[in-house]
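Morning, everyone. I have one model to walk through, and I will keep it brief. Here it is on the screen.

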Amino acid sequence: MFDRDVPNIGESVTLVHGTTPGLWWYRSSTGEDLAPHTQPVQAAKRVTRILIPYVTAVRAARSHQTQATGERCSPPPARPDPSHAPTIAELQRRFAGVVCWWGAYTYEWWAIVPGGTQWKIVNAEDPDTLIQRVLNTRKRR
């Protein structure tokens, strides 16, 4: 989940098996079960509850900065830069099963590294560092 106005704060939500057969749950990156998959609005409300203190603090700091300097932070780009596509394709070719992307809002490279029942997410400022982090993550498994 992402708010364009606060690009440095976000939340990853995944679907996980529930204890009841056929019932999946939305789970936050902290491991909190947010709501059953049949209640996405409830899950979104709980994410909002989790993030409100952080978003409020960032907005207050940004408002203070704008008042002090008169400069506003520029918003992130509306669309990902297509020049990243060849690098993403090369990373995914090199690491079968690894999902890679450029974070248009975080301005970082990201990868999800599969590892049995536990997958790891890694990020880096450039593709070379991301490659090292993927390799290190695979070594530890």
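Start with Ser28. Ser28 counts as buried because its relative accessibility is 4%; buried means under 20% relative accessible area, exposed over 50%, and partly exposed in between, with a 1.4 Å probe and protein chains only. Ser28 sits in strand 2, residues 24-28. Helices (H or I, at least four residues) and strands (E, at least two) are DSSP runs, numbered from the N terminus. Beyond its neighbours within four places in sequence, Ser28 is in contact with Glu11, Ser12, Leu34 and Ile50. Contact means heavy atoms within 4.5 Å.

A word on the source. This is a predicted model, where local features need pLDDT of at least 70 and side-chain atom pairs count only at pLDDT 80 or more, while totals for chains, interfaces and linings use all residues. Residues are numbered from 1 along each chain as its sequence is written, and side-chain values use heavy atoms, leaving out hydrogens and water.

Next, Gly103, in strand 4, residues 99-103. Gly103 is buried too, at a relative accessible area of 8%. Not counting residues up to four places away in sequence, Gly103 touches Glu108 and Trp110. Gly103 and Asn123 are 20 residues apart in sequence, and 9.2 Å apart C-alpha to C-alpha.

Now helix 3, residues 127-140. Helix 3 has 14 residues and reaches 20 Å from first C-alpha to last, close to the 20 Å expected. The expected span is 1.5 Å times one less than the number of residues. Which residues of helix 3 are buried? Leu130, Ile131, Val134 and Thr137. Down the axis of helix 3, these fall within an arc of 130 degrees, so they line one face. That arc is taken over directions from the helix axis to the C-beta atoms. The buried residues of helix 3 pack against helix 2 (85-94), strand 5 (108-113) and strand 6 (120-124). The face turned away from the buried side carries exposed Asp128, Lys139 and Arg140.

Last, the cores. A nonpolar core is a set of buried Ala, Val, Leu, Ile, Met, Phe, Trp, Tyr and Cys residues joined through side-chain atoms within 4.5 Å. The largest has 14 residues, and Leu91, Val98, Ala111, Leu130 and Val134 have the most contacts inside it. Helix 2, strand 4, strand 5, strand 6 and helix 3 each supply at least two residues of this core. Apart from this core lies another, of seven residues, including Tyr26 and Leu34.
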